[in-house]
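I opened my notebook to look through this model piece by piece. The sequence and structure come first.

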Amino acid sequence: MRFRHLRMLQVVQATGSLRAASQALNLTQPALSKALTEIESAFGFVLFLRTARGLTPTAQGEAVLRGATLLLEELGHLRADALTANRFAAKIRIGAPPFVAQMYLGGVVKKLVNHATPMRVQLMEERVPALIRALQQGEIDALISTFPLQRLESGAGAFQYIKLFETQFAVIACAKHPLVRARHVDWARLARERWVMPAEGSMGRKLIEDCFTHAGLPAPLPVVESTSPTTSVQFVAADLGIGIVPDIALIRRSVPPGDSVKQIRVQPEPPSSVVALIFREGASNPRVAQLRDVLAEVFRVAPLN
């Protein structure tokens, strides 16, 4: 097996047919068909089902293709490391949702780039589902993100999880909103308000929806949706609706100037979320090991084994 064979499998999967794949690879169709048969013989099982509609990966083929993607990504990573070896020990690709990146990762990145063996840092700021896919496909080395505690404790899936800390969330409104002055506000009252929410399918959106579900209420339809927590806070400050942000945003005054956003005293409070380091199961990656050491130092937790 050679890396070109792995690339060949990727193209066959992407195109779904020998004809299209042979054109993309600049090969004749018989040559590609022969190469694919040889690859399957080397593995000892069929990778693609041949049908009149094209080629579809088998379950075993899907596993091989995931591995092929990871190997090809790592090969590109190795080349990038070699090109910058005179200045940096390596490059680490970290994924994080925007609020984690903005609120927590400044000190982490600083220590990585100023380390005795300095690393280049490539940060991908995305919603958690997209980051999980990127981690699965080898596009990032590790993910630092909020994660459901029950999933973290179950240890399920193809990832390893290390809890870093918990973060609390606060319901906020424009400073002039009448609910800011109330001593206690329940979720039934909040259900009647206009809301600024994260995009559907995001972890932040699920947090809000779960709060209403636990109160026995349907979640309200937001008047504004935004993928950026910073932008959402700006909309709340403009009195377009109420929202939820990590309470560290209030502690660090990461809100518009003039105290234009205030916390609403909600009962029960939104649940806390775990922020965890997440990486691929069984991956022996020295870059991730260095990141783990830095995280242990920055967040003053026990060494991450």
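**Ground rules.** I noted that this is a predicted model, in which local features need pLDDT of at least 70 and side-chain atom pairs count only at pLDDT 80 or more, while totals for chains, interfaces and linings use all residues. Residues are numbered from 1 along each chain as its sequence is written, and side-chain values use heavy atoms, with hydrogens and water left out.

**The whole chain.** I found 13 helices and 12 strands in the protein chain; helices (H or I, at least four residues) and strands (E, at least two) are DSSP runs numbered from the N terminus. Of the 305 residues, 45% are buried, where buried means under 20% relative accessible area, exposed means over 50%, and partly exposed lies in between (1.4 Å probe, protein chains only). I also looked up contacts, meaning heavy atoms within 4.5 Å: among those with a separation of 6 or more, 71% join residues 24 or more positions apart.

**An open sheet.** I traced 3 strands in the order β10-β7-β11, with antiparallel pairing; two strands pair if DSSP finds at least two bridges between them. Which strands stand at the edges? They are β10 (243-246) and β11 (261-263), and each has a single partner strand, so one side of each is left without a neighbour in the sheet. Strand β7 (residues 169-174) is joined to β11 over 3 bridges and to β10 by 4 bridges. I checked two of the residue pairs: Cys-174 stands opposite Val-261 in β11, and Phe-169 has Pro-246 in β10 as its bridge partner. Helix α11 (residues 229-237) packs on the sheet and touches β7, β10 and β11, its direction making about 40° with that of β7; axes are lines fitted to C-alpha atoms, for helices over the stretch in contact, and angles run from 0 to 180 degrees between N-to-C directions. As for cover, 6 of the 6 residues of β7 are buried.

**Nonpolar cores.** I then turned to cores, each a set of buried Ala, Val, Leu, Ile, Met, Phe, Trp, Tyr and Cys residues joined through side-chain atoms within 4.5 Å. The largest has 44 residues, and Ile-144, Leu-190, Trp-195, Ile-264 and Leu-291 have the most contacts inside it. Helix α5 (residues 98-104) gives the most to this core, with 5 residues. A second, separate core of 15 residues includes Met-8, Leu-36, Ile-39 and Val-64.

**The largest pocket.** How much space lies in the largest pocket? I read about 720 Å³, a volume being the space filled by probe spheres set on grid points, which are joined across faces, edges and corners. On a 1 Å grid over the protein atoms alone, a pocket is an open set of points where a 1.4 Å probe fits, with protein on both sides within 12 Å along at least five of seven lines, and lining residues have an atom within 4 Å of a point. Of its 41 lining residues, Phe-169, Met-203, Gly-204, Leu-207 and Ser-273 are the closest to its centre. Helix α10 (residues 203-214) gives the most to this lining, with 7 residues.
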